[in-house]
Each structure stands twice: as structure tokens, then as C-alpha cells.
Amino acid sequence: MLVALPPLAAETMFTLGSLPITNSYINTTIATLLFVLAAFFVSRGIKKYYTKSVAPKGFLNFVESIVEVILDYCDQVTRDRKKSLQFMPIAGALFLFILVSNWMGLIPGTGSIGIWHLVHGEHELVPLFRPGNTDLNMTVAMAVLAVSSSHLLGIMAIGFFKYANKFIKLGDLWQAVKSLSPVKMLIAFIEFFVGLIEIFSEIAKMVSLSLRLYGNIFAGEVLLTVLASLIAFFVPLPFMALEILVGLIQAVVFSMLTLVYLNMATMEAHGGHDAEHEAAAGH
Amino acid sequence: MLDFISIAHAASEAAQAEKESGGVLGTLGINWKLFVAQLVNFSVVMWILWKFVFGPVGRKLEERRQKIDKALKDAGDIERQKTEFEAWREEEMRKTRTQAAEIVSEAQKEALSQKDKVVADTKAEQEKLAKQAREQIKSEQEKSVLEIKSQVAELVTMATEKVLKQKLDSKHDQELVKKSIESLK
């Protein structure tokens, strides 16, 4: 008997037009539908309670408690309520979506219900459901969205040229040349290359965010599959519990890092020549 | 044993996948169509959560926080005003009390002095009246004495006249009469 380890890539169940529908895609679509349903109930509750300014009850209350916790976490990073309210939709959506799709992967049936397919000349049980974040497409999509929205908000917050100056420090270089001080020119020259390295770090952000999440969740899935095939009963339970924790931790890590990126992108470049100029003007 | 088999199996499968699509990205299952599809999925989730959950609920929470802040501040203000009012009231009461006491003592003093004056006035009046009465009595007495004197003199004269008319009609007698009248005086 072979242990059918889940392959690195999600398996295609069928194709819709030219789009291959993979088992992970099925899971994320279910998660999306769940969120649509939840949002429907929330907006109904909002209509019911907020417009009449009555204290909310039931599901809306539960959602409010979650939103409040997320908002508090945002406050801890941004230390500014306005910014927190701006970043919360991005960081909060990432957190909730990652959490829900990770935990959905632990529901019995994920990885065990499947269709017998002929894969590479062998009959194999291809699972119908596979945790959403064990598909690198999903995690890369989220990472790209998170990092690019940080750039977008950064441009919106401090202006395009100031923001571009964080990476291509031509402005700082020009200031240094104008000051005619060789030390300043040397520093600006070095900082110019540091700025170029920053561009690579932005790519590294996306890669690390997506691979961290993918690796953790995929490893958990493999671990659970192996353990279940060795001893099916009771032994996998502590590992399942750990996976619940890992799912939460990874969701927190992803959204917290995104929050930090958003916060850094919307801050003015500290130090540098602008600050010196301001200090000189102040004296 | 099983682990080795499975790992070998996975490795061979991965190698095969790499052959099929070419490159590490293909092995990891990166497929731009799926990528776009997942991006759309997540964007839908994000948009919906933003529009229907985080947006309105976040605004409401913030509104509620501000309302609570304001209520707490107002409560503090009211408390402060209350203590201020209390102090003011206490002060005012104290002032009023001292004023009242002052007024009462003033009134008492006034009444006492009034009384003294009245008493003195009355005494003076009484004395004046008594004096008047005494004077009147005296003058009355003097007048009556004079009257009596004159009447007595007349009577004596008449009596003397009568007597004289009867027996004495001399100069000696008249002298006598004069003497006796003078002694009466």
C-alpha cells in the first residue's frame, strides 16, 4: 500500500473553459461563498440594528467583537485610529480568509473524499477538497494583493514622487549634489543603491509571505496524511490540535506582516535630508 | 519504510510535473489562469468584507467609542459643576447666616436704644408735667392768698368802718387801723 501524499501542486478536477478547476480552487470558492453569506447576514443585521440605533444582538454582535479585536491589533501597529480603519479591510480580510480556509482544511473529508483518477498511468484517489492555502497560486495572489495595496496606499498617503524617492532616491541624490558636501554626496550615493535593494526586498516580501503560508499549511496537510495512514485513530488528534493553532498563527503572521508593510509604506521617509532641512528651518 | 516509499513517490511525481510544465514554478503549481482566478476569489472576499462588514461595523465602533468618550467627559464635567455648585451654595449659606445674625443683632440694638429713648422721653415729659402742675398749684396758691388777703383787708376795713362809725372817729383810731392792717400784710 502506498501512502498517497498530497502533491506539491493542487490537482485539476475538471476544466471550465480553459480554466483548470483544482481541488484547492473548489475550497477557496466555498470559503468565498461562506463570506458572501456571512456578509449578507451582517448587512441585514446592520439594517436592523444600526439604523434604529438599537444595541445589536446575535450574529452582528459576534462580528462586532471580532472586528473590535482586529481594530485593536491594527491600533497596536499603527497607533492611529484613522489609519487603522483604513488598513483594517485589507489586513482583516486576509486574516479571516486565511483562518477560515486553513480551518476548513481540517474538516474531515478534506483530502479523503475524492475521485479515482488516472494520474501518470496509475489509479489514484484525487481528493475533491484541498486546503485553499496549499495552493501556491492562492498565497501568491494574496501576497501580491497585500504588497501592491501597500504601495498604492503609500502613494496615496505621501504622494507619488515622495514615495518613488523611497526606492529610486534621485531626489536625495540631487539634494546632496546641490549641497556640494562630499560626505553628504557619498552617503546619498550609497543610499541610492540601498534604495535599489529596497525594490528587491519588495519582491522578497511577496515571496516570503506566500511561501511561508503555503509551506506551513502544506506541511501540516502532509503530516496529517502520513500520521493518519500510519495509525488512523487517536494518534493524529494532538497534531490536529496543533494544526488548528498553526492555522491561526499563520493567519495572524500574514495579516500582521501586511499591516506592518502598510504602515511602513504610508509613513514619510524618516531621517534623510528632508528632516535635516526641516530642522534647519526650525532653528 | 512507508515513508521512504511515499517520499520517493512524491519526488518522482514532482520530477514528472516539472518535466511536463518545465521550471520550479510549474512544479509548485503556479498557473497564471489559476492565479487570476484565486486573485478574483480573494478580491471578492476582500471587497465584500470591506463594503459590508469592516466598513460599516468599524465606523459604528468608532462612533460608539467617541460617544462613550463624550459621555464620560460630560459626566466628569457635570460632577465638577456639581461640586462647584455645592461649594458655592455652602459659601452662600454661610454668608446668609452671618448676615442674618448681623441683622438680628442690629435690630436688637436698635430696639434697645429705642426703648431707652422712649423711657427717657417719658420721664422727661412726666417731669415736665409734674413741674407744670407744681407751678400751677403754687401760682394758684399765691393768687388765692392774695385774694384772701385783699378780702380779709376789705372785711377788716368794713368791720373796722362799722366799728369806727359806731364809736371811734378819731385820728388815733385810724392810725390803729392802719397799723393792724400793716401787720396783716
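Buried area is the accessible area that two parts lose on being put together, summed over both. In this predicted model, chain A and chain B bury about 4500 Å² between them. Of that area, 75% lies on carbon and sulfur atoms.

Start with who takes part. Chain A brings 55 residues to the contact, and chain B brings 40 residues. Polar links cross the interface too. The rule finds eight residue pairs in polar contact between chain A and chain B, both residues at pLDDT 80 or more. The most comes from α1(A), with 11 residues. By type, this side of chain A has 39 nonpolar, 10 polar and six charged residues.

Salt bridges also span the two chains. The rule finds two across the interface. One of them can be named here: B:E62 pairs with A:R81, with the closest N and O atoms 2.7 Å apart.

The largest cavity holds about 70 Å³ of space. Its lining includes A:N102, A:L106, A:P131 and A:I217. A:E221, A:L224 and A:E243 are also among the lining residues. The largest share, four residues, comes from α7(A). The lining divides into four nonpolar, four polar and two charged residues.

Key:
Residues numbered from 1 in each chain as written. Chains lettered and ligands numbered in written order. Predicted model: local features only at pLDDT ≥ 70, side-chain atom pairs only at ≥ 80, totals over all residues. Heavy atoms only, no water. Contact = heavy atoms within 4.5 Å. Buried area = accessible area lost by both parts, 1.4 Å probe. Salt bridge = Lys/Arg side-chain N within 4 Å of Asp/Glu carboxyl O. Polar contact = N/O pair within 3.5 Å; in protein donor to acceptor, adjacent residues only side chain to side chain. Helix = DSSP H or I, 4+ residues; strand = E, 2+ residues; numbered from the N terminus. Nonpolar A, V, L, I, M, F, W, Y, C, P; charged D, E, K, R; others polar. 1 Å grid on protein atoms, 1.4 Å probe; cavity = no way out; pocket = protein on both sides within 12 Å on 5 of 7 lines; lining within 4 Å. Points joined across faces, edges and corners; volume = space filled by probe spheres on them.
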